[in-house]
Amino acid sequence: MNTIVQHLHTVHDRIATAARACDRHPDDVRLLAVSKTKPAADVRSAYAAGQRQFGENYVQEAVDKIATLKADCPDIRWHLIGPLQSNKSRLVAEAFDWVQSVDRLRIAQRLSAQRPGNMRPLNICLQVNVSAEDNKSGLPLDQVEALALEVSQLPGLCLRGLMTIPEATDNSDKLRTQLLELKQLFDRMAEKYPQMDTLSMGMSNDLELAVACGSTLVRVGTAIFGSRNP
């Protein structure tokens, strides 16, 4: 068993343990393996171990990887989790299954218009800046529902949920407050949009807390693939 496969098993065990600790079923929390800066060979190793959902931050790197793996790994579901510039939207619309970092109507409109008609609608999560940090992407909490209404009406998209990258802090109480605030918003919105089933929060260092706060998808890179390549 190679190192990546071992790490995958460890992360799945962490998710299962965290879910059971708060009376949730482990299957209610999905794992997104974040493969940014990692070679296609690493994705192949995780794929061979059963992993099917992968997250990428950098569009051109991801598009090259997607093309390399398309024939051998046809059922991978690719998520863009990094910022998206307008001039890269067509590449994303044509290659990805999910975009988790939508925080502007203009980007959503471009993705909708550029999604090929022979492909399923592009799954969208709205990125929310729960910590209200000036240097961080994402919508303020009080603007999320307005953008959701607009996105839900775009024909090439399917509004699936919310995503956040919370504050980098050792204050677990502060972090819990931020995550629970997003969970409350998600629950309220899911009543209006039944297709919303994804609350994407939690990474390598805080996945247990995120699961306890209601996350349905955790984004884990370092704990699976090791430190990011330069």
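This is a predicted model: local features need pLDDT of at least 70, side-chain atom pairs count only at pLDDT 80 or more; totals for chains, interfaces and linings use all residues.

Residues are numbered from 1 along each chain as its sequence is written, and side-chain values use heavy atoms, with hydrogens and water left out.

**Strands E1 and E8**
- Strand E1 (residues 30–34) runs parallel to E8, and four bridges join them; strands pair if DSSP finds at least two bridges between them.
- Helices (H or I, at least four residues) and strands (E, at least two) are DSSP runs, numbered from the N terminus.
- E8 (residues 217–220) is covered on both faces, with Leu217 and Arg219 buried on one side and Val218 and Val220 buried on the other.
- In a regular strand the side chains alternate between the two faces of the sheet.

**Leu32**
- Leu32 lies in E1, and its bridge partner in E8 is Arg219.
- Leu32 counts as buried because its relative accessibility is 0%; buried means under 20% relative accessible area (1.4 Å probe, protein chains only).
- Not counting residues up to four places away in sequence, Leu32 touches residues including Gln51, Phe54, His79, Ile81 and Val218; contact means heavy atoms within 4.5 Å.

**Helix H6**
- Val144, Leu147, Ala148 and Val151 are buried in H6 (residues 144–151).
- These residues lie on the same side of H6 because they cover an arc of only 105 degrees around the axis, taken from the directions from the helix axis to the C-beta atoms.
- Helix H5 (105–114), strand E5 (122–128), strand E6 (157–164) and helix H7 (172–192) are among what covers the buried residues of H6.

Methods: Buried means under 20% relative accessible area, exposed over 50%, partly exposed in between (1.4 Å probe, protein chains only).
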